[in-house]
Amino acid sequence: MVVNSAPGDRAEETQEALGRAIGQAVGMPVLVAAAEPPLWPVVWVNPAFTELTGLTAADVAGPAAQLVSLAAEDAAGLRRLREAVQASRSTSALLRLRRAGGDWFWARTVVTPVLGADGEPTHWVAAFVDVTAEVDRDAAVAAQVEVVRQESEDLALIGTVSDLVMDLDDPYGLRAIAELLSSRVVAWAGFYVDDDGLHAADGVDTTRVPWGQRRQPAGAPGPFVPRRGDRSDVPDAVQRLLDGEGEGAVAIDFDVAADHPPRTASAWLAADLRARVPGGAELAHVAVLALPGRNRVLGLLVAVPREAAPGQDRVPGSALDERTRTILSLTGRRVGLAMENVRLYAREHRVAETLQRAMLPEQAEVDGLDVWSYYAPNVVYAQVGGDWYDVVQIAPDVVGVVIGDVVGHDVEAAAAMGQLRSVVRAYAFEVTEPGPVLERVDTLVGGMRIPRSAGLVLTTLTRSGGADGGCPTWSLAYSRAGHLPALLVRDREVVLLDGAGGPLIGFGHGPRSTARADLLPGDVLVFYTDGLIERRDRALLDGLAALRAVAAGATAVDAAGIGEELLARLADSPEDDVAVVVVRIPDLTDTSGHGGNVRSRRWQLPSEPASIARARHAVLRTSHAWELGDAANAELVVSELVANAVLHGWGRVTLRLHDTGEGLRIEVEDSNPTPPVATEGHPGRIGGFGMRIVERLADWGWRPSGSGKVVWARVRPSGPAGADGPAGPGT
């Protein structure tokens with residue numbers, strides 16, 4: 001081996017030092033360069049180096065710095081070598097180097113300085129170890145670990161989406177999913193629902209809120225009504241996706257900046273995205289995915305992709321990489337099916353509830369009694385149950401009260417309830433005596449093969465005396481068929497009317513007895529179904545004890561007030577349908593002004609525009625029955641209050657009417673806790689004067705109620721405020 005010697009008197013010791021250094025590297029590829037910056041010329045390579053790289057001494061003759069910079073690809077390794085050379089110290093680095101044939105290999109490179117007598121490097125020796133197999137193996141393991149990690153993250157993300165989909169009936173359910181996608185996989189995501197018109201959506205609307213009430217950002221266009229079934233030649237990729245046309249009909253790469261034909265779904269979506277997405281004016285390509293239902297596309301999921309990560313190439317023809325496209329596709333399918341289920345859920349609930357409410361009577365006016373009634377389905381279920389009540393004037397001096405419960409929470413239960421109610425009412429008019437009535441009902445139900453069992457209490461109240469101007473007396477007769485006993489409240493003492501018990505309707509095969517009791521002025525009867533008192537966390541007997549305690553401690557002096565106290569204390573979170581009837585025997589000798597018939601009515605209305613008309617009709621009928629005179633002002637006030645509850649609230653709407661003696665008091669309750677505000681109208685559109693109208697016709701105010709609010713108004717008999725000016729909101 002011959003190595004160029006160092007100049008002058010150092011040649012001999014340099015040669016000796018080089019020999020020692022190279023001797024330590026026998027069998028390894030070695031390169032020696034002279035310590036002559038900045039070129040660092042290569043002065044020698046051994047055969048092992050030539051075998052590893054395919055490069056001979058002649059091939060590498062010249063500047064070592066140029067050779068390494070051209071052949072190496074690993075920037076971190078090169079930086080480490082440069083720092084070591086500048087500090088005149090040994091180091092090692094992992095380099096990716098190029099062979100003579102152009103292919104790459106990984107080499108563990110050890111660089112050692114050869115020091116002269118003055119302690120300064122005279123040469124640099126570089127030894128190489130081919131570790132390509134080890135690096136490739138480690139890279140393969142790391143890639144597999146990364147795939148597993150990413151798949152685990154994706155599964156966790158899809159699991160979170162599935163959890164959110166379970167609550168898609170939440171008003172902001174879609175927004176929550178979009179925000180999750182925006183934080184994890186895309187730059188921005190949003191949902192559009194084709195609900196008789198394409199529009200951006202935060203949640204699944206099952207009540208069909210009018211378009212004018214939907215929130216739109218400034219500059220965003222109004223809803224777009226798709227031309228479903230239109231086969232014109234106008235290119236409209238978004239419309240084709242909504243129609244389920246094209247190969248796969250799952251997703252498209254949508255160019256927001258393109259010149260889309262006017263009056264098309266594509267043009268509308270591009271304009272809406274530019275107004276809705278932050279930085280929308282700079283948007284180019286976005287991904288638009290279908291939300292498929294069972295029979296049609298229900299809407300769209302739009303995603304603005306992030307910049308592609310290293311190694312993540314876009315899917316050909318898509319703005320997304322394969323991983324993101326898979327996540328969004330799975331999300332779209334889950335959301336689409338969940339949307340359809342939510343709508344089916346709501347539709348079935350409306351059908352069953354409409355059927356049941358059609359069978360339930362409006363509270364009847366009965367002569368000589370103070371009666372209040374209440375019914376509410378359990379909204380946890382998609383269906384309603386078979387609870388019912390009936391208050392009917394059987395004869396001039398006889399009033400019938402029945403309350404019952406058919407087992408189940410579905411349309412079949414509601415249908416069975418309707419049949420039983422009709423049968424009991426028909427026999428009560430014919431026979432009157434409760435026991436014999438239930439005997440006949442047993443016989444008929446057995447022949448009708450009604451598939452659901454039912455319990456009920458049938459009660460008749462008979463009046464006697466009072467013809468000469470004295471106080472009439474009332475007697476009570478009742479029979480129970482597997483139902484909880486009614487309560488008799490007298491002077492803050494509660495008696496269970498638990499006599500005349502018997503099996504459920506349809507299971508009685510013999511005589512049924514009738515129990516009796518005499519009633520006094522001021523007595524209160526409470527009829528109820530088990531939904532009022534039954535809870536998972538307490539026994540039924542404990543619930544009954546709680547009901548007795550609340551009834552005994554009621555401070556109200558009328559049936560409506562007592563009923564409201566029962567609901568406030570016991571029905572805050574019911575787990576079943578609830579039906580309650582409170583009957584009070586008026587004390588006509590009471591001179592306090594509270595002994596007569598204090599009148600009150602209550603309705604549960606669905607949160608839909610049709611409820612506004614129902615509320616107006618309810619006020620007209622009630623005002624006529626109570627002889628309150630002209631009801632035009634009350635009709636207008638209730639129309640505005642219920643309209644606000646339907647348009648701006650959520651959940652069911654409760655309407656209460658009270659005859660205060662000084663005018664009609666209207667109460668409207670919904671689940672939105674935000675208080676009403678009297679405005680001077682909405683800029684740019686019609687409306688917004690509702691509470692101003694109410695102010696002119698009534699004293700009004702509001703109060704919190706559970707998770708929502710109650711807005712009340714006391715209609716002035718004389719109409720708008722006169723010379724004294726309109727009254728301000730009450731408290």
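The model is predicted, and local features need pLDDT of at least 70, side-chain atom pairs count only at pLDDT 80 or more, and totals for chains, interfaces and linings use all residues. Residues are numbered from 1 along each chain as its sequence is written, and side-chain values use heavy atoms, with hydrogens and water left out.

Me: What makes a set of residues a nonpolar core, and how many residues has the largest one?

Reply: A nonpolar core is a set of buried Ala, Val, Leu, Ile, Met, Phe, Trp, Tyr and Cys residues joined through side-chain atoms within 4.5 Å, where buried means under 20% relative accessible area (1.4 Å probe, protein chains only). The largest has 30 residues, and L168, L181, L328 and V335 have the most contacts inside it. Helix 10 gives the largest share, six residues. Apart from this core lies another of 29 residues, among them W603 and I666.

Me: Which residues does V335 touch?

Reply: Contact means heavy atoms within 4.5 Å. Leaving aside residues up to four places away in sequence, V335 touches V165, L168, L174, I177, F191 and L291.

Me: Why are helix 13 and helix 14 called oblique to each other?

Reply: Their packing angle is about 140 degrees, with the axes 10 Å apart. Angles under 35 degrees count as roughly parallel, over 145 as roughly antiparallel, 65 to 115 as roughly perpendicular and the rest as oblique. Helix 13 and helix 14 are therefore oblique.

Me: Which classes of residue make the contact of helix 13 with helix 14?

Reply: The contact has six nonpolar, no polar and two charged residues.

Conventions. Buried < 20%, exposed > 50% of the residue type's maximum accessible area, 1.4 Å probe, protein only. Helix = DSSP H or I, 4+ residues; strand = E, 2+ residues; numbered from the N terminus. Axes fitted to C-alpha atoms, helices over the stretch in contact; angles between N-to-C directions. Nonpolar A, V, L, I, M, F, W, Y, C, P; charged D, E, K, R; others polar.
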